[in-house]
Amino acid sequence: MRVLVVEDERTLANLIKEGLEEENFSVDVAYDGEEGLFLAENEPYDAIILDIMLPKIDGIEILRRIRDRGIKTPVLMLTAKSSVEDKVLGLDSGADDYLTKPFSFEELLARLRAVIRRAFGETENIVKVADLELNLNTHEVKRGGVKIELSSKEYALLEYLVLNRNKLLTRSQISEHIYDYEYDFDSNVIDVMIARLRKKIDKGFNKKLIHTVRGAGYMIKG
Ligand code: CA
């Protein structure tokens, strides 16, 4: 999952980035509203963490503009004020949830996971494809009840496939959602990661879950 953090307090922004990266997210940071709006409009994020008080363009304005353009990316607003008006304004402008500063990282993570889960139409923490089980909270992966160890990038890839199960994903789509802005797309890297994932997920099972769609990309289906 790829997340944009728009926050002008650098220490806080960088703490959120580091924390989320430890949780297998790919994270881009914008330190002002202009850069935040540009990234939000041009990159395919799975969620946006958006501060309200920002230099150049404030968070509410960013939210209005991206919603006006039909961008439905879930948005978690950060607000320094705990005033009811601020929260109502944020939610009315299209925010999916909000957090009042100061907040704990655990709460941010829980709310972020919840908005992403809802955006993918999931109601449970455990998502299944045939006998493959993925726990979105603990990142535990099992097939046929047996635990499978994955690297953080392998997990990110599998999670993206599973949340989009039965849907064809191109290599560039996959890359855009599991790597950040700094990363240069290389379709080979995705093929190599898919091969590694297949060894762990499908090897030894009659029913293969990861499918190659020739000339197009990959799909997971049960
Ligand atoms: Ca701020």
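**A helix up close**

Helix α6 covers residues 152-163, and at 1.5 Å a residue its twelve residues should span 16 Å; the end C-alpha atoms are 16 Å apart, which agrees. (That expected span is 1.5 Å times one less than the number of residues; helices are DSSP runs of H or I with at least four residues, strands are runs of E with at least two, and both are numbered from the N terminus.) Keep in mind that this is a predicted model, where local features need pLDDT of at least 70 and side-chain atom pairs count only at pLDDT 80 or more, while totals for chains, interfaces and linings use all residues. Residues are numbered from 1 along each chain as its sequence is written, and side-chain values use heavy atoms, with hydrogens and water left out.

So how enclosed is α6? Ten of its twelve residues are buried, so the rest of the structure largely encloses the helix. (Buried means under 20% relative accessible area, exposed over 50%, and partly exposed in between, with a 1.4 Å probe and protein chains only.) The buried run goes Glu-154, Tyr-155, Ala-156, Leu-157, Leu-158, Glu-159, Tyr-160, Leu-161, Val-162 and Leu-163.

Now for the neighbours. An open sheet of four strands runs in the order β6-β7-β8-β9, with antiparallel pairing. (Two strands pair if DSSP finds at least two bridges between them.) The edges are β6 (126-129) and β9 (146-148), each with a single partner strand, so one side of each has no neighbour in the sheet. On average, neighbouring strands here are turned by 25 degrees against each other, direction ignored. Helix α6 packs on this sheet, touching β6, β7 and β8, and its direction makes about 110 degrees with that of β7.

Asn-135 is found in strand β7, residues 132-135, and its 16% relative accessibility is why Asn-135 counts as buried.

In α7 (residues 171-178), the buried residues are Ile-174, Ser-175, His-177 and Ile-178. These pack against α6, and also against β1, β2 (26-30), β10 (169-170), α8 (187-201) and β12 (217-220).

Glu-7 lies in the loop between β1 (2-6) and α1 (10-22), and at 0% relative accessibility Glu-7 counts as buried. Its side chain makes a polar contact with the side chain of Lys-101 at 3.0 Å. (A polar contact is a pair of N or O atoms within 3.5 Å; within protein, one must be able to donate a hydrogen and the other to accept it, and residues adjacent in sequence count only if both atoms are side-chain atoms.)

Conventions
Axes are lines fitted to C-alpha atoms, for helices over the stretch in contact, and angles run from 0 to 180 degrees between N-to-C directions. Contact means heavy atoms within 4.5 Å.
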